[in-house]
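Okay everyone, thanks for coming.

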Protein chains: 2
Amino acid sequence: MSKLRVHGFGVSLDGYGAGPMQSLDNLMGVGGMALHEWAFPTRTIRRMFFEMGLGGDPDGGTTGIDDAFLVRGFDGIGAWIMGRNMFGPPRGPWPNVPPDQAWKGCWGPNPPFHTSVYVLTHHRREPLPMEGGTTFHFVTGGIREAYDLAMEAAGGKDVRLGGGVNAIRQYLAARLVDEMHMAIGPSLLGTGEHLLGGLDLPTLGYEVAEHVPSPSATHVVLRRRD
Amino acid sequence: MSKLRVHGFGVSLDGYGAGPMQSLDNLMGVGGMALHEWAFPTRTIRRMFFEMGLGGDPDGGTTGIDDAFLVRGFDGIGAWIMGRNMFGPPRGPWPNVPPDQAWKGCWGPNPPFHTSVYVLTHHRREPLPMEGGTTFHFVTGGIREAYDLAMEAAGGKDVRLGGGVNAIRQYLAARLVDEMHMAIGPSLLGTGEHLLGGLDLPTLGYEVAEHVPSPSATHVVLRRRD
């Protein structure tokens, strides 16, 4: 049975999964980059940045606990789901997207997914094939439709739910997430998008399956009981 | 300058500092004991239980990271402040307190404070001297009155704010907490009293001063900037 999995989701000590006022200048919201400090030094993220054309040494980076959790997030994944804001922050109908109408999201010409990616949105748009095997599909029928399409596209592999906070909260509330890895780092946001507020995870069937601290973050894997 | 310090406050992964429905049978609320799993094996807690007449080996218990953080919580403390519910769960005027009107809280005849303890309450009560140097004083004038009384009683030492969640939230919002150690353990509560929800700690002047993971919990010390 294929699973819906969340990996490498950074959370602040006060529970925020993104900062406020997300924009093209602050892709993760104001202060949101601090949520990912634990991940930037890892080999997996260095390689991802290199592949995306951002430079750096693809063989550099750390290979300890933090990296091992990130590696797992790319293992056995046949399709992705993400919220519109993770595709890129501009809101509203596509023709209004800045900086131009051909804007193809914030992941560069060769996005690091290399599968079909189902983007949750209220606004129809034709599929967008990119370099490297990634094709963005825009789903207007809600989280269940995206789930079904991604599971079919995954062909027996698992589906990774990339984020952001709102998408993860919807899938958790619907009990569709099978496994969620989050990394709680030493940051305080004070405002932004709260990941778990108001979600009663034990009642929804979730329990703590793994708890592995590293110097940079506390890695937690939640799993849904069958 | 004397400080107001919080120590050893257990928090779940989803941010709860106590379970719901606190009662004499569930002193920390339903499921709330899970917040303190990291602390029970330590020498400090073993000794505290022994002193309280609960038995066990006072020289047993672990002496690693978890214990070191608990030890700090008793160093240089000249007085305590706690909420009414931490004194004991029964609510309402004192004459109605079960199981009898002479009820002296849930800390036993020899409480582990050995100082004056200022209990926040809406209901007047005469001071209550106990064995071992602890005297409970009942403060009806609010958090600032308790702060001033405790600081005076501490005689130049620091004041420890024991809890519970509501008391800590009030003192944080008033920017009166100087330092707060919390231990985030591998538990999910889903419901109960949320420690930081709605408090914008960076705006209130707090920052992460220490972040020390142990296998049992992630220890975090927040400090208020001067």
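Let's start with Glu179(A), which counts as buried at 10% relative accessibility. Buried means under 20% relative accessible area, exposed means over 50%, and partly exposed is in between, with a 1.4 Å probe and protein chains only.

Quick housekeeping. This is a predicted model, where local features need pLDDT of at least 70 and side-chain atom pairs count only at pLDDT 80 or more, while totals for chains, interfaces and linings use all residues. Residues are numbered from 1 along each chain as its sequence is written, chains are lettered from A and ligands numbered from 1 in the order in which they are written, and side-chain values use heavy atoms, with hydrogens and water left out.

So which side chain does Glu179(A) meet in a salt bridge? That's Arg223(A), at 3.3 Å from N to O. By salt bridge I mean a side-chain nitrogen of Lys or Arg within 4 Å of a carboxyl oxygen of Asp or Glu. This pair links distant parts of the chain: Arg223(A) is in strand S11 (residues 218–224) of chain A and Glu179(A) in strand S8 (residues 179–184) of chain A, 44 residues apart. Helices (H or I, at least four residues) and strands (E, at least two) are DSSP runs, numbered from the N terminus.

How many salt bridges does the structure hold over all chains? The count is 16.

Over in chain B, have a look at Asp148(B) and Arg144(B), whose side chains meet in a salt bridge at 3.6 Å, N to O. Both sit in helix H4 (residues 143–154) of chain B, four residues apart, about one turn of the helix. Asp148(B) is partly exposed at 40%, and so is Arg144(B) at 46%.

Another chain B pair is Glu207(B) with Arg225(B), at 3.4 Å, N to O. Glu207(B) lies in strand S10 (residues 206–213) of chain B and Arg225(B) in the segment after strand S11 (218–224) of chain B, so they tie together parts that are 18 residues apart in sequence.

Now, helix packing. In chain A, the axes of helix H1 (residues 43–51) and helix H2 (residues 65–72) come within 8 Å and cross at roughly 55°. That makes H1(A) and H2(A) oblique to each other. Where do they meet? Arg43(A), Thr44(A) and Ile45(A) in H1(A) touch Asp67(A), Leu70(A) and Val71(A) in H2(A), with contact meaning heavy atoms within 4.5 Å. The axes are lines fitted to C-alpha atoms, for helices over the stretch in contact, and angles run from 0 to 180 degrees between N-to-C directions. Under 35 degrees counts as roughly parallel, over 145 as roughly antiparallel, 65 to 115 as roughly perpendicular, and the rest as oblique.

Most residues other than glycine have a negative phi, and most peptide bonds are trans. But His114(A) isn't a glycine and has a positive phi of about 60°. You'll find His114(A) in the loop between helix H3 (84–87) and strand S4 (116–120) of chain A. As for peptide bonds, the one from Gly163(A) to Gly164(A) is cis, with omega near -5°. Gly164(A) is in the loop between strand S7 (158–163) and helix H5 (165–173) of chain A.
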